[in-house]
Amino acid sequence: MSAPLDLRRGWDVIIIGGRVAGASTALLLARAGVRVLVVERARRGADTVSTHALMRGGVLQLHRWGLLDRVAATGAPPVRRVTFHYGHNAMPVTLKPYAGVDALYAPRRTVLDALLVGAAEEAGARFGFGLAMTDVARDRAGRVVGVVVRDHLGATWTERAGLVVGADGRTSLVARQVGAPTVVAGSHAAAYVYGYWHAADLDGYHWYYGDGLSAGVIPTNDGLACVFAAGPAAVVAARMRHSRPLDVARDLLARLDCRLTDLTAGAPLGPVRFFRGLPARLRQPHGPGWALVGDAGWWKDPLSTYGITDAFRDAELLARAVVAGAASDHAMRIGLCRYQAERDRLALPMHPIVDRLASHQWDLAQVQQLLRGLSSVMADDVEGIRAFDPASLTLPRHEGVTFAVEQR
C-alpha cells in the first residue's frame, strides 16, 4: 500500500504491527464485524527474531480459532516430548493430550505470521505492509483518534479510528507516544546467539541448563531446528566483540557440554544472529483511545518460551474487551480496565520467575525449582484460556454500536 486508503469514514480499530499479536487481534476483531486496519512496516512475509516454540496455551488458541490444522499442514513437526537437560542429567517429559491439544508446534515466523495474516484478511481485516506509523493523532481533549503513517516514498497522511492498538513490539512507538506507564519492570536480561541447522530427526524440544548458561533446540519447518545459546547479556556481548556469532554459539554450547555441539558442527542454514534482550516490562495497556497487546504491553525474556503463547491469549482478551465496549466510551473504558485486570492476573505470577531465569544466576537445583514454578503458571494459563467464552467475541447488534471517528 503506497497511497492513502480511499475511505469516507475512519476505521473502528487501527493496529500498529502485523506480527502474531497484531494479526491475531485483527483476526478476532474482524470476525466479530469490526472494521480493522493493520499497519506493518515490514514487507509481507518478512522473518523476525523468534524462538518459535508454542506452549500448550498457544496451541489451544489456534485450535479454538480453527487454525491448528492449517499450522499442521505447513509441515511444522508435531512435538510430543520435551526434554530438560540439567548438566549431564536428562529429564524427558511426554506431552499428555489435554484440552484438545496432543502436540506442540514451532512454525517458522515466515509461516505462522503469514497464516495469521491470511486468516485475518479472509475475515475482512485490511493490512498495509511497508507503512510506518510516525505519530498518533489526537483530538483537542488529547484523546488518541488515529495515526499518522508514512509510506516508502515519504508520503504521509492520517488514518482515523475509534481505537489505536499498539502491537509493535518491545520498543513500541505507540507506547512511547501515549506515555504508557510501566506497571512492573524486571532487573535482568539475557543475550542470545541463534541460527538454523538441519535436524530432521529431533524428538521434540530440548532445553539445556548449566554453568550460568542455557540453550535450546526447537524443531521447525523444512527439517530445520532453531538452536540458541544464552547467557547474561554482559557475558555474551563481551564475547561478541571479538568473535563471530557462529563461533560464540559453538563456544557457549561447548561450555554447556551438551549434544548440540555435534548438531551445530556443520554449516548453519543462513547467518547466526546475535540478539540482546531487555529487562522485562509490563506496561499499563490502555488509555483514552489506545491499547497495547503482545510485547508492546508485556515484554519478557525469550527464555520464557512464552512470547507467542501469551500474545495469542492477550489478543483474545483485548478483542473481547473491544467487542464488549463497542456501545459507548464508558463501556469501552470498563472493557479495557477488565482487559488489564485479566492480563495482569495471568501475567504477574510469571514475571519474577522469568526475570530470575534471565539472570542466569542459579544453580541446577534452583533452575529446576524455577521451571517447576513456570510450568505451574503455564497450567493455570491453560485453564484460563479454556474458560474463554466464544460468545464474548460476538458484536452486539443494536443501535449505537460504533467505533469509528469521522474523517475531517
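Throughout these legends, a residue is called buried when its relative accessible area is under 20%, exposed when that area is over 50% and partly exposed in between, as judged with a 1.4 Å probe on protein chains only. The views show a predicted model, in which local features need pLDDT of at least 70 and side-chain atom pairs count only at pLDDT 80 or more, while totals for chains, interfaces and linings use all residues. Residues are numbered from 1 along each chain as its sequence is written, and side-chain values use heavy atoms, with hydrogens and water left out.

**View 1. Val 36 and the residues in contact with it.**
Val 36 lies in strand 2, helices (H or I, at least four residues) and strands (E, at least two) being DSSP runs numbered from the N terminus. The relative accessible area of Val 36 is 1%, and the residue is buried. Contact here means heavy atoms within 4.5 Å; with neighbours within four places in sequence left aside, Val 36 is in contact with Trp 11, Val 13, Ile 15, Ala 26, Leu 29, Ala 30, Ala 125 and Arg 126. Between the C-alpha atoms of Val 36 and Gly 297, which are 261 residues apart along the chain, the separation is 20 Å.

**View 2. Gln 61 in helix 2.**
Gln 61, placed in helix 2 (residues 56-64), counts as buried at 0% relative accessibility. Its contacts, leaving aside neighbours within four places in sequence, are with Phe 312, Arg 313, Glu 316, Ile 385 and Phe 388. Gln 61 and Asp 310 are 249 residues apart in sequence, yet their C-alpha atoms are 10.0 Å apart in space.

**View 3. Arg 313 and its polar contacts with Asp 314 and Asp 381.**
Arg 313 belongs to helix 9 (residues 307-324) and is buried, with a relative accessible area of 1%. A polar contact is a pair of N or O atoms within 3.5 Å; within protein, one must be able to donate a hydrogen and the other to accept it, and residues adjacent in sequence count only if both atoms are side-chain atoms. The side chain of Arg 313 is joined in this way to the side chain of Asp 314 at 2.9 Å and to that of Asp 381 at 3.0 Å. Not counting residues up to four places away in sequence, the residues that Arg 313 touches include Gln 61, Trp 298, Tyr 306, Arg 343 and Phe 388.

**View 4. The buried residues of helix 6.**
In helix 6 (residues 233-240), the residues Ala 233, Val 236, Ala 237 and Met 240 are buried. They lie on the same side of helix 6 because they cover an arc of only 100° around the axis, the arc being that of the directions from the helix axis to the C-beta atoms. Among the elements that cover these residues are strand 10 (190-198), strand 13 (224-232), helix 7 (245-256) and strand 14 (273-276).

With a disulfide taken as a pair of cysteine sulfur atoms within 2.5 Å, the count comes to 0 disulfides. Cys 226 is in no disulfide, and the nearest cysteine sulfur, that of Cys 258, is 14 Å away.
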